[in-house]
Amino acid sequence: MLAIKLTLLWVTIVAQTLAFPDLIEQLTANGATQLVSLIDAAGLTDTLKSTGPYTIFAPVDAAFSKIPAADLNALKNDLQALKDTLLYHVVNGELFTFDLRSREHVASLNNHQIRIYNTNGHTYFNQALATKEEIQASNGVIYLIDEVLNTPEGTVWQILNNPDYNLTMFANTVKHAREDTRLNSTTSTIRYTVFAPTNEAFNNLPSTLLNRIQTSYARYIADYHTHRGTIHASSLGKDGSVTTMFTGHLIHVTHDPDTQEPLLNKLGHIVIQDIEADNGVVHVISHVLIPSTLAGIIG
Ligand SMILES: *[C@@H]1O[C@H](CO)[C@@H](O)[C@H](O)[C@H]1NC(C)=O
Ligand SMILES: *[C@@H]1O[C@H](CO)[C@@H](O)[C@H](O)[C@H]1NC(C)=O
C-alpha cells in the first residue's frame with residue numbers, strides 16, 4: 001500500500017514538471033508584454049500557443065523602446081511587415097543552449113538566416129544579446145534578447161542600391177570594381193560586412209580624388225570597405241582593427257572619448273548600423289575610408 005502511494009506521488013511530481021506553460025504564457029510570465037501584444041495583433045497567438053515546437057528569440061520590452069516610436073507605429077500598421085518581423089524571431093524546433101554553435105546560422109520561419117555568436121560566455125543572435133536563455137515551454141524554447149532583430153532586406157548589393165539609404169555613389173564604385181556579383185550572391189555560405197559611405201561622404205571629397213576613387217582605384221576602395229565575415233556593431237565595442245578584402249589593409253577602430261561611439265580610421269562614424277542582409281550586414285558610415293598606402297598616391 002505504501003509503495004503504491006509513493007509511486008502515485010512520484011507520478012504527480014513528474015507530470016507537474018513536464019507541464020510547462022505554453023510559449024505565449026511563458027513570454028507573458030517573463031515580461032515580454034510588447035512582443036505578446038504584437039503577436040496577438042499579427043494573429044499569431046494561436047499558432048504559438050498550440051503548435052510547434054518552436055524556438056523564439058523574444059525581444060524584451062526595453063528592446064522595443066529602443067525603436068523610434070514612429071517606426072514602431074509604422075510596423076504596427078503594416079500587417080505584412082509585422083508578420084515578417086515576428087516570423088524572423090521564430091525558428092522551427094527546439095534549440096537548447098548546447099545546440100547553439102558560434103558563427104553558425106539557423107533559419108527563421110520566413111526562411112531568413114539568423115547568426116549565432118558566442119563570446120565571453122555571452123550569446124548573440126545577430127546583434128542582439130541573449131539576456132535570459134533556454135526558458136522552456138510546453139511547445140518550445142525562449143531566449144530573451146535585448147534588441148529587436150532587423151529582418152534581412154535582400155542581399156548586400158540590393159541594400160547598397162536601395163535609394164532610401166543614399167548609397168548610390170558607393171554602389172557605383174562597387175559596380176565599377178566588378179564586386180557587385182560577389183555582394184549579391186546568396187549561394188555561397190560566405191558573408192560580407194560592408195561599411196558603406198553615404199553619397200554625402202563622397203561629395204565631401206575633392207573632385208580629383210572622387211574621380212579616381214570611382215574609376216582607377218574603385219577596386220581598392222570597394223574592397224577596403226568590405227570585410228569577409230559578419231561583424232555587427234555590437235562587436236565593435238573595443239579598440240582594434242577589422243580585416244578587409246583589400247589584402248593587408250585594415251580598418252582601425254577606436255572610440256570617441258565623449259560618446260564611446262566606434263570611429264573608423266579615427267574619423268568615420270556609423271550613421272546607420274546593422275542593416276541585415278541575406279549574405280551579411282551593412283553599416284552606413286559618414287566618411288570614405290582611404291587605405292593608408294593609397295593616401296599619397298590618390299590624394
Ligand atoms: C538621404 O538623403 C536625403 C536628402 O539629402 C535625406 O533627406 C535623407 O534623410 C537621407 N536618408 C538617409 C537614410 O540618410
Ligand atoms: C541579386 O540577387 C537577387 C536574388 O538573390 C536577384 O533577384 C537579382 O536579380 C540579383 N541582382 C543582380 C543585379 O544581379
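Student: How many bridges join E5 to strand E6, and in which sense do they run?
Tutor: This is a predicted model. In it, E5 and strand E6 (residues 128-137) run antiparallel and are joined by 2 bridges. Within that pairing, phenylalanine 125 has alanine 128 as its bridge partner in E6.

Student: What does the turn of that hairpin look like?
Tutor: There are 2 residues between E5 and E6, and asparagine 126 in the turn has a positive phi of about 50°.

Student: And which way does E5 pair with E4, parallel or antiparallel?
Tutor: Strand E4 (residues 113-119) pairs with strand E5 (residues 122-125) in the antiparallel sense, over 4 bridges.

Student: Changing topic: which residues touch the most other members of the largest nonpolar core?
Tutor: Those are Val156, Leu160, Ala196 and Val282, in a core of 38 residues.

Student: What does leucine 160 touch?
Tutor: Leaving aside residues up to four places away in sequence, leucine 160 touches Leu167, Phe170, Ala171, Val174 and Ala196. A second, separate core has 35 residues, including Tyr54, Ala63, Ile114 and Ala128.

Student: Finally, which residues surround ligand 2?
Tutor: Thr155, Trp157, Asn184 and Thr186 surround ligand 2. By class, the shell comprises 1 nonpolar and 3 polar residues, with no charged ones.

Terms used:
Residues numbered from 1 in each chain as written. Chains lettered and ligands numbered in written order. Predicted model: local features only at pLDDT ≥ 70, side-chain atom pairs only at ≥ 80, totals over all residues. Pairing = 2+ DSSP bridges. Core = buried A, V, L, I, M, F, W, Y, C linked by C-beta atoms within 7 Å. Buried ≥ 20, exposed ≤ 12 C-beta atoms within 10 Å, placed from the backbone. Contact = placed C-beta atoms within 7 Å. Near = placed C-beta within 6 Å. Nonpolar A, V, L, I, M, F, W, Y, C, P; charged D, E, K, R; others polar.
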